[in-house]
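Dear colleague,

I am passing a structure on to you, and I would be glad if you could look it over before reading my notes. What I found is set out below it.

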Amino acid sequence: MKDTFKHKGLRQQLVNVVKAKGIVDEAVLKAIGKVPRHLFMDSSFLDHAYQDKAFPIAADQTISQPYTVAFQTELLQVNNGDKILEIGTGCGYQTAVLCELGAKVYSIERQNELFKITSKFLPKLGYRAKKLIFGDGYKGLPEEAPFDGIIVTAGAPFVPKPLLGQLKIGGRLVIPVGNDVQVMNLFIRKGAKEFEQHELGEFRFVPMLEDKN
Ligand code: SAH
């Protein structure tokens, strides 16, 4: 598992691309510049690792596009020490970006194969999430709530109520909502039952699936 000057150079170019597309948060850009994305992909795809594109990984899933990861992370406004819930761990790239920002990350993945691979892989890179969970993200994680932020990295057909309910007052939920195409939604909790909602452009994610059990 090597991270060479060549990789660092390619990563800096990626940071510039993401910046040119409108990401301004310096902490987020720094995190994108630090996480060795090529190590999250099969080594034969090295040429693709630092392009600003989503890419297929195991179990019919994808590693999210770096711009999308940066966009969602910027909306989340992560402060050092914040408690963040991620739905859709996948290969753990977004998880690693959140760890770089000093978040205490809880992340849920519904595919056992990916959950197992990523649980072993992230610590090898030094990324220690508070908890990686094999389970159904639609329920959130009531036993650890409330959260400063919740980020959903799969396309949700609707906004799951438990996720809104597990936010602190002032907390943020970043969730792509829709079936074929998703609209990025930001909810900010203003009170027990009050939420501010923003819609921020179209994206395409793999679907957030409901549990078969
Ligand atoms: N965060 C990842 C993106 C992974 S793709 C990255 O940084 O690249 C989305 C992931 O969401 C897939 O791994 C998929 O299995 C998972 N997923 C889909 N529905 C889910 C659900 N209901 N609960 C938890 N994870 C889910």
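Two residues are taken to be in contact when heavy atoms of theirs lie within 4.5 Å. On that basis, residues 24 or more positions apart account for 52% of the contacts in the chain that have a separation of 6 or more. Please keep in mind throughout that this is a predicted model.

As to the chain overall, its secondary structure consists of seven helices and nine strands. The radius of gyration is 16 Å, close to the 17 Å that the globule rule gives for 213 residues, so the chain is as compact as a globular protein of that length. Along the principal axes, the C-alpha atoms fill a box of roughly 50 × 40 × 35 Å. Of the 213 residues, 49% count as buried, while the chain exposes about 10400 Å², of which carbon and sulfur atoms supply 52%. There are 28 positive and 24 negative side chains, and the centres of these two sets lie 6 Å apart.

The helix I would point you to is H5, which spans residues 93–100 and has seven of its eight residues buried, so it is largely enclosed by the rest of the structure. The buried residues are Tyr93, Gln94, Thr95, Ala96, Val97, Leu98 and Cys99. After H5 comes glycine 102, which has a positive phi near 85°.

In the loop between strand S3 (83–87) and H5 you will find threonine 89, which counts as buried because its relative accessibility, 7%, is under the 20% cut-off. Its side chain makes a polar contact of 2.7 Å with the side chain of serine 107. If neighbours within four places in sequence are left aside, threonine 89 is in contact with Thr95, Ser107, Ile108, Glu109, Thr118 and Leu132, and Thr95 is also one of the buried residues of H5.

Finally, there are two points of backbone geometry to look at. Most residues other than glycine have a negative phi, and most peptide bonds are trans. Glutamine 77, although not a glycine, has a positive phi of about 50°; this residue lies in the loop between helix H4 (66–76) and S3, and with a relative accessible area of 47% glutamine 77 is partly exposed. The peptide bond from alanine 145 to proline 146 is cis, with omega near 5°, and proline 146 is found in the loop between strand S5 (131–134) and strand S6 (147–152).

With best wishes

How values were computed: Residues numbered from 1 in each chain as written. Predicted model: local features only at pLDDT ≥ 70, side-chain atom pairs only at ≥ 80, totals over all residues. Heavy atoms only, no water. Helix = DSSP H or I, 4+ residues; strand = E, 2+ residues; numbered from the N terminus. Rg over C-alpha atoms; globule rule 2.2 N^0.38 Å. Buried < 20%, exposed > 50% of the residue type's maximum accessible area, 1.4 Å probe, protein only. Areas by Shrake-Rupley, 256 points an atom, 1.4 Å probe, with all protein chains shown as cover. Lys, Arg positive; Asp, Glu negative; His and termini not counted. Charge placed at Lys NZ, Arg CZ, Asp CG, Glu CD. Polar contact = N/O pair within 3.5 Å; in protein donor to acceptor, adjacent residues only side chain to side chain.
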